[in-house]
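Colleague: Could you take me through a few features of this structure, giving the general idea before each case?

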Amino acid sequence: MEAADGWLVRVRPKSGRIDPTQLEGLATIAQTYGNGLMHLSSRGNFQLRGLSQAHHRQVLAKLKALNLLDPNPHLEARRNILLSPFEDRIGAALAEELNAHLIHLPALPPKFGFSVDTGTYRYLAAASADVRVERSHSGALMVRADGAPTGLIVSPKTVVEAIHDLCLWFLESGGRSSAGGKRMRQHLASGATLPSRLAGKAEPSPLGSLPDAGPITDGWIIGVSWGQTSATVMHTLARLDGLKHIYMTPWRKMVIKGPVHRAKTWTALITNPDIIHQPHDPRTQIAACIGAPYCAEGFQDTRNLALQLVPLLKAKSPTPTVHISGCNKGCAAPASPSTITLVGTEHGFDWIENGRAHDLPLRTQIDPLEATLAYLDK
Ligand code: SF4
């Protein structure tokens, strides 16, 4: 798609997982054809920006060679599947099965998506998805419509069938055509009632707290400031000795698997100022979209403001979550509310507390630094 800074390519790694060769290839594409930067989106995708339409074919051929592109473009557009980086083996297999079934699903709204979150705890509850595969309190697999309190118990063999039925019901009950009902949650909130054969009675398993940057049993969780870094940094990451896989997350961190901290180039990676590798870094509390001047819809420079807010947030414990949005679309944090949301408008920034970018602002045309400082001093 076209953006204010040239063409933008969104790459969705299959089942949210990318291997070192694919990452290396992607970084080379960003350097050769794009602006040399790589972005992590709030849907666990990579975005390459600043590409030229003239290189469209070459870029697609390279992505295909890396197995990062579906041969069927319709399928590519539908592949909105989030997989928990802490899934069990069953979850990974289900994501694959669902991926293969997408071609058989009816035409759904473009952003309609799925989450597979079948570990002991749920990590994707705040991520945008319309149909969720989860575990019940008793550990059984279940399929739940986003926004419904309960879901239907299924077996590994019937999961895909239950998802298909839920999608059919969504369309037949007017989910696609009703105003504001283009997502499952909105559809249910606007009065649509799930039939009992799809609603089920199972409650989903407890929520897991989103893991911060730092070491984990079989690897490391890292973030990049504002979800953006250079292709050079990604090359360093891809070449770490011992790196097996990288799991993308919808909270703009990467779960890198393998004994990477023993690699000779580990220090070179973690000392890069873009990389967040330790917990409690205030940068991880700030979600900022690409904003102006890179996004045509952005009214304000979000990244620059984010940089200025870091020293203010450092002094506050616990650090509040801050969402800086170039407009009220809220791309950087679409699903979950933030303590402070600063929304760019043509007149400056609006102020929202404990809400999302499209919520009604408490105040308009504020000075974002002064307002944040005053809030933190309360
Ligand atoms: S929130 Fe608005 S400005 Fe930011 S990336 Fe989305 S559309 Fe662009």
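This is a predicted model: local features need pLDDT of at least 70, side-chain atom pairs count only at pLDDT 80 or more; totals for chains, interfaces and linings use all residues.

Colleague: Which residues of H1 are buried?

Modeller: An α-helix has 3.6 residues a turn, so residues three or four places apart point the same way. Counting a residue as buried if 20 or more other C-beta atoms, placed from the backbone, lie within 10 Å of its own, the buried residues of H1 are Gln22, Leu23, Leu26, Ala27, Ile29, Ala30 and Tyr33. They cover an arc of only 160 degrees around the axis (taken from the directions from the helix axis to the C-beta atoms), which puts them on the same side of H1.

Colleague: Why does Val322 count as buried?

Modeller: Val322 counts as buried because it has 25 C-beta neighbours inside 10 Å. Leaving aside neighbours within four places in sequence, Val322 is in contact (C-beta atoms, placed from the backbone, within 7 Å) with residues including Gln285, Leu309 and Ile340. Leu309 is 13 residues from Val322 in sequence, and their C-alpha atoms are 9.2 Å apart in space.

Colleague: What surrounds the ligand?

Modeller: Among the residues around the ligand are Cys289, Cys295, Cys327 and Cys331, together with Glu297 and Lys329.

Colleague: How far apart do the C-alpha centres of domain 2 and domain 3 lie?

Modeller: With bounds from an automatic or database domain assignment, domain 2 covers 87–199 and domain 3 covers 282–377, and their C-alpha centres lie 31 Å apart.

Technical notes. Residues are numbered from 1 along each chain as its sequence is written. A residue is near a molecule or strand if its C-beta atom, placed from the backbone, lies within 6 Å of it. A residue is buried if 20 or more other C-beta atoms lie within 10 Å of its own, exposed if 12 or fewer, and partly exposed in between; C-beta atoms are placed from the backbone. Two residues are in contact if their C-beta atoms, placed from the backbone, lie within 7 Å. Helices (H or I, at least four residues) and strands (E, at least two) are DSSP runs, numbered from the N terminus.
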